[in-house]
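Subject: Structure handover

Hello,

Here is the structure we talked about. Please open it and read the notes below alongside it.

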Amino acid sequence: MDFRIEHPAYLLFLLPALGYLIWSWNRERGRTGRTALVLLILRIAAATLLIVAATSPYFQMRAKEEKLIFLVDRSASMEGTEEETAAFVADAVSKGQGRDIAVLSFAGEVTNDTQESSGAAISRSEGETDIEGALRYASAASAGHPARIVVLSDGRETMGDALEYIRSQFPAGVTVDTALFAAPESEDVSVSSFTVPATGRKGESQQLEVTVRATDSATARLVLFRNDRPIAERNIDLAVGENKFSFIDVQSAEGLVKYEAQVMMEGDGIQENNRMAAVTEIEGPPRILIADTAGNPSPLGNLIGKSGVIVQTIHAENLPHDLSSYLQYDAVIFDNVPGHLVGEDRMTVIHQAVRTFGLGFMMVGGEGSFGLGGYFRTPMEEMLPVDMDVTGKQLIPSLGVVIILDRSSSMSGRKLELAKEAAARSAALLREDDTLGFIAFDDSPWEVIEASPIGDPEEVSGEIMSVTPGGGTNIYPAAALAYERLRGLQLERKHIILLTDGMSASGGDYAALAKDGEADGVTMSTVAIGADADRQLLRQLSEQAAGRYYEVTDADSVPSILSRETAMLSRTYIVDEPSTPAVREATGWDALFGNGLPQINAYIATTAKPSSDVILESPKGDPILAEGRYGLGRTLAYTSDSGAWSGAFASWDRWGEMWITAISRILPTFRNEPFDVRRNTDGSYTVAGPKSVPFLDIAVVDEKGRQLQATVEPVRPGTARVRIQSGPGLVYFRISGDGETVSKAGITIPYGEEYRPGPPVKERLLALAEASGGRLLESPEESLRSPESSKKDILPAWSWFVLLSMMIFFADITLRRFGMPRILKPGWTVIGQKNATGNREETTVGKLLKAKKLER
């Protein structure tokens, strides 16, 4: 056993402490004699012990026991070994009763599975293999004590470098044992590479190269997709190893073209490695995507297409969900499109395309657009140059809204959260004096907010968001309560909004409710969420109550629906008075508006943002045409419509020219010059551009429009290394050097080595064990062996020194307070004390008598 201290430098504090104590002893020894010397010794001892305690003293002794930590590899390459690894751990745990044992499982992250270590399969296989990260976690869990880490893996490390970590940074006293496990062999085919040209021109033939790897001779089917649609497929015979195939495709469209290759084989062992995507940029004239509705087809395609711009028009519900589909275009136009047909997810993708990649965006008015379209507090409102709300709220009639929300168990999760968010967004549209009620129901109604003036919107939002899922579904009691709460209120508009995703448990006299409500001016709209909703009942309720019926399959449309319903309660959002717009800011529009303007019939009232440029303005000061910038993109708002609302504009001889000018204002204005993006062997990317560019601004976004965390490391002028966190699939780089030279590039993130079939790497596991002084285990019992003689355990001793110092300190206080104790002979101690006391008393009395005589 050795005694050691961790911070010997702290002993230097003894010098000033001894100097002070000796100086104070010199000052006191003349008055207290021998007592001062004893006190000095005690104080020196107390100070010395306290300073030694500060050095973190400890006893080092041979370890009799060590903490045992099992690290179970649950990465994708270990699929099929779950029962085998669980049995190994369970056997060791049962034979090591009384030992300090922890069970962790790992892939890209570490999970604590100690509670499941008795025999259940440990987690499911997924993700990459990060042995280094798992060892770092486990060694930290040892808390500085002797420990044995047992790694159960196939040794196929695809992240980090565990061997280098053990050699350079591994803590002393920790040993790594390894146990080899191999996944069951299975036949597998995979797309190992897919190459397409980075750029091309319309009409050009391009060769696409696909490499398919097979573990055995097999027959499979290879399918090629362009923009998610199959364009070619063939049956292929595969030999063991790499098999190369080529496709020829003639480019008939411009923009960003997404290709994907997929191989299919019956009995394939790993499905995750069967697909790979790539993109190519096809140059051509500007491409515009126009979204409209079946009920209101857009005439803009014919007007804009005359300029040579390529236009595609689709209905809003058919808008794509992935980023690559929007990056094929230069601009997107919403022509009188209600927000609930788009949904929040697609709005988010378009928002990212505008902000990060410079896509142009225009919204055209109508009864289903702007505030009436349900775009309040959406990504669309954020990027447009106008706010959906109106500053002149004093013109809105007094409103009363009761929202009835289904909180049954089937609504739990995302549906309920989006519905609550929708209700909170609707509440934010109301004024403080407007009336709001909120009823949540399952088997019975729960009046969360009683119908009353809204007051504090933040407090209302908190109450709405507090609703939790419940039991069944019973609509009628909640509907009856909502009608009752609005009945008799002195309001100009009274409306109920019902949201549900299920079938009501019982019926009721809804017709009577609607009739009584009609007499009191109460209307009701209904929203059916998902395929299980009672669509017939909800449609009937909305018709009986003079409201609107909405049918949605995706709950992300609900917020837009409730915003639309709340806004439609007030027709003052629609200004339907014929008027002539005034030109306010004509930069870029001078030639078009220089000779005056015709009248419009109506428009949607909005509020211009401070940063926007209002081109045309109504006599009431509302924006008719406004433009602005958002991120790299340009956006434009035209608050009248493309049809009847535009009045004399539609017959104006410069009507078509106005739309062509509008398109030119939102097209990307930067130069699109290609940057070279290459994947490195370590998974990072090298982006190279002109050497004249000192610094590259790079953003990376995935197919869903989510911006990924990217670390950009400058290498030299015009070149940078980029590291991103992303799973396999397509990601898009937006690269800018000077703000004018901007490029977008679609990059394929291949599936990891984890999903490539291969044998276990025994040599890797053996090297890890040997580097730390461990061994490659053959049985669970070997992990329970006694610690090596070189392992030392640490017994901290600082608390003992502190305790002893405190005891001496209290002894010092006692001596200073009561003095030194006397050691006297038996028999005369008491008498001596008594005589001494008597003499002192006599002397004292004598002195008092003498003093009294003198006074006389």
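The notes cover a helix pair, a sheet and the annotated segments.

This is a predicted model: local features need pLDDT of at least 70, side-chain atom pairs count only at pLDDT 80 or more, and totals for chains, interfaces and linings use all residues. Residues are numbered from 1 along each chain as its sequence is written, and side-chain values use heavy atoms, without hydrogens and water.

**Helix pair.** Helices and strands are DSSP runs, of at least four residues (H or I) and at least two (E), numbered from the N terminus. H10 (residues 414-429) packs with H15 (residues 558-568) at about 25°, axes 8 Å apart. Axes are lines fitted to C-alpha atoms, for helices over the stretch in contact; angles run from 0 to 180 degrees between N-to-C directions. H10 is therefore roughly parallel to H15 (angles under 35 degrees). Contact means heavy atoms within 4.5 Å. Among the contact residues are Leu-418 and Ala-422 of H10 and Val-558 and Leu-562 of H15.

**Sheet.** An open sheet holds 6 strands, ordered E23-E22-E21-E24-E25-E26, with mixed pairing. Strands pair if DSSP finds at least two bridges between them. Its edges are E23 (445-453) and E26 (549-552). Helix H14 (residues 535-544) packs on the sheet and touches E24, E25 and E26. E21 and E22 run parallel, joined by 7 bridges.

**Annotated segments.** The unreviewed UniProt entry marks "transmembrane region" at 7-25, 37-59 and 797-815; such annotations may be inferred rather than shown by experiment. Residues 797-815 are 95% helix and 0% strand.

Best wishes

Note on methods
Parallel < 35°, antiparallel > 145°, perpendicular 65-115°, else oblique.
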